[in-house]
Amino acid sequence: MLIFLNNSLVPEEAAKVSVLDRGFLYGDGVFETLRVYSGTIFHCNDHLDRLFQSAEAIYLQLPFTRDYLIEALYKTLEANHLNDAYLRLSVTRGVSEPGLDIGGCPSSTLTIIAKEFSGYPDNLYQSGIRAAVVNTRRIPASALNPAIKSLNFLNNIMARVEATRLNAAEAIMLNMEGYVAEGTVSNIFMVKDGIVKTPPLSAGILNGVTRSIVIDLLKENGIPVIEQAFYPNEFYTADECFVTSTLYEVMPMTSINGSAVGSGQPGSLTQTILNLFRRLTT
Ligand SMILES: Cc1ncc(COP(=O)(O)O)c(C=O)c1O
């Protein structure tokens, strides 16, 4: 595997970053996960918009243009002969003097990893995934804005540990007010009486690229959708639930805290949305 490191492609064994890099020392950086369908990066500009916004929010001035990054992403794909893949682009603040001050970081570190990926297995979409509402709360925007896709991922990792212990694939994180926020790597949707509901951005969540696409698809197809805060007890009376992310696309969530959601099978509206979404990827 060839990795894009700063400005060149290097073999995986040679893709080394300093132990003094602030990404390693503090998780001081930002990242994006992108999906490639038949050689085309899906909604590349939306991901890069978010990357630049995340970087700006942590006072990290990216020394690359959007075009440079797009070229680097495609070069990495090409060098690894990949057609269906995921790409992980990370930028750290680079090496600095010891200590927290962000001054004196002359160059950020850019890495791009590309791996073959053609989606999760069909049987997962047929059965849906199990989720669990966990105790770990989503970090509040007043502490670290969850809209920033930062390398600081421990909040999500701790939540995922809880979910795994509860035999669930995804954790449902609440915000500090007890409303449903998001998954560890996904945004959450529920369906009740034909209306789709998803937490608003003000619930303290990542503005998921897939979330936005799904909301637009729902609107375009005349399916009612509202962005409204809700408590987790609404899951018990929901007809359907699903999560969205670049890698999950639209994944049914058929059990929460060991209880079946609706019939316990992926719902028909979820299937409709998945089909609409997949039409965009072919
Ligand atoms: C915390 C969190 N929420 C939501 C998402 C979904 O975002 P996207 O649809 O842009 O992949 C992710 C993606 O990794 C995430 O980490």
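Trainee: How do you know how many Å separate the centres of domain 1 and domain 2?

Mentor: This is a predicted model, and in it the centres of the two domains, taken over C-alpha atoms, are separated by 26 Å. The bounds come from a domain assignment, which gives 2–116 for domain 1 and 122–281 for domain 2.

Trainee: What makes residues of domain 1 and domain 2 count as being in contact?

Mentor: The test is that their C-beta atoms, placed from the backbone, lie within 7 Å. By that test, 22 residues of domain 1 are in contact with 13 residues of domain 2. On the side of domain 1 that touches domain 2, the elements giving two or more residues are β3 (29–37), α2 (44–57) and β5 (85–92), and the largest share, eight residues, comes from β3. Sorted by class, that side of domain 1 has eight nonpolar, nine polar and five charged residues.

Trainee: Why is the chain called as compact as a globular protein of its length?

Mentor: The chain has seven helices and 15 strands. Its radius of gyration is 19 Å, and the globule rule gives 19 Å for 282 residues, so the chain is as compact as a globular protein of that length. Along its principal axes, the C-alpha trace spans about 55 × 40 × 35 Å.

Trainee: What percentage of the residues of the chain count as buried, and what makes a residue buried?

Mentor: A residue is buried if 20 or more other C-beta atoms lie within 10 Å of its own, and 38% of the 282 residues of the chain count as buried.

Trainee: How do you know whether the span of helix α3 is close to the expected one?

Mentor: Helix α3, residues 66–79, has 14 residues, and at 1.5 Å a residue the expected span is 20 Å. From its first C-alpha to its last, α3 reaches 20 Å, so the span is close to the expectation.

Trainee: Which residues of α3 are buried, and why are they said to lie on the same side of the helix?

Mentor: The buried residues in α3 are L69, A72, L73, T76 and L77. They cover an arc of only 135 degrees around the axis, and therefore they lie on the same side of α3. On the other side of α3, D67 and E71 are exposed, a word used for residues with 12 or fewer such C-beta atoms within 10 Å.

Methods. Residues numbered from 1 in each chain as written. Predicted model: local features only at pLDDT ≥ 70, side-chain atom pairs only at ≥ 80, totals over all residues. Domains from an automatic or database assignment. Contact = placed C-beta atoms within 7 Å. Helix = DSSP H or I, 4+ residues; strand = E, 2+ residues; numbered from the N terminus. Nonpolar A, V, L, I, M, F, W, Y, C, P; charged D, E, K, R; others polar. Rg over C-alpha atoms; globule rule 2.2 N^0.38 Å. Arc of directions from axis to C-beta.
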